[in-house]
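Here is a short report on one chain fold. Keep the structure open while you read.

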Amino acid sequence: MSASSERFEVDGGHIEVSRPDKVLYPDDSYGKRDVVAYYRSVAGVMVPHLRARPLTLRRFPDGLAGEGFFQKEASGHLPDWIRIEEVPQRGSGGPVHHVIADDAATLLYLANQACLEFHMMLSTAGSLERPDLIVLDIDPPQGVRTTELRSVVRDLCHRFGRAGLAPHVQATGGKGFHVVAPLAAEADFDRVRGWADDIAEEAVREDPERLTTEQRKNKRGDRIFLDINRNAYAQTMIAPYSLRARSGAPAATPLEPGELTRVTPGGYGLANMARRLRRKHDPWAEIHEAAVPR
């Protein structure tokens, strides 16, 4: 091990982290060591959500001070113990070879590659056409009060329930929240997107001054955007416990139902997630047990 690297024990082996002092979050002075340590601390709750799901990685080799990029196609130099799965493209072009993080070692290896964000598909590699998650992304414009945003989340949870779905809430670590429900992976994406569209459009009809499904930003005004677009083949959502590429290093955080009254979209992250997990189990640990055939 060179002086410019550091070993992290994981899964009975180790991951060698290069340039551990490299600053990735300059506003907070968090380095690569901090990021890898964070992912090691959450691996036990995060990996079960990632397992078997093709990933899109958001990497920042020069930290947030430089330009990041989204990576779908797996790098050719990955070690052979990392799982790669072929995902056919719709339309022209060959398949895309996505990384899958089935274990903590893969998660830490990717963190060492300056992957800050992990975005996961709503279906698994063994059933790409049939999602086992449905998600509605609640995306507010600047200036929306958190109390108002929480009210919208609660309303959408009720609508999910009336539609026969079991709603689960995630603070995205960004501006808003996700309302997510498990599915039995029986319906295809077109049907699932239709369910999401029905829920969103009903909400907009009943509250048109506050909510919108308008795709064009310049048409939304100051309304909260209900985004159903992630419910499509090979599209992704931010993975539970993934860091976000934002100052403060917030993280996507699954919530218990009673937590919404006091949690903000970016309230948990690198600085306090480990403390949260010491006193609270993963609220989504059994999410798929609530899946109802449709």
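The notes below cover a domain, a sheet and a helix pair.

## Basis

This is a predicted model, in which local features need pLDDT of at least 70, side-chain atom pairs count only at pLDDT 80 or more, and totals for chains, interfaces and linings use all residues. Residues are numbered from 1 along each chain as its sequence is written, and side-chain values use heavy atoms, without hydrogens and water.

## Annotated domain

An unreviewed UniProt entry annotates residues 32-284 as "domain: DNA ligase D polymerase". Such annotations may be inferred rather than shown by experiment; positions follow the numbering used here, and feature names are shortened. The span is 28% helix and 21% strand. Helices (H or I, at least four residues) and strands (E, at least two) are DSSP runs, numbered from the N terminus.

An open sheet has 4 strands in the order 6-5-9-15, with antiparallel pairing. Two strands pair if DSSP finds at least two bridges between them. Strand 6 (69-71) and strand 15 (236-238) are at the edges with a single partner strand each, so one side of each lacks a neighbour in the sheet.

Strand 5 (residues 55-59) and strand 9 (residues 115-121) are joined by 5 bridges. Leu57 has Phe118 in strand 9 as its bridge partner. Helix 1 (residues 32-50) packs on the sheet and touches strand 5 and strand 9 (contact means heavy atoms within 4.5 Å).

## Helix 3 and helix 4

Asp155, Leu156, Arg159, Phe160 and Arg162 in helix 3 meet Ile199, Glu202, Ala203 and Glu206 in helix 4.

Note on methods:
Axes are lines fitted to C-alpha atoms, for helices over the stretch in contact, and angles run from 0 to 180 degrees between N-to-C directions.
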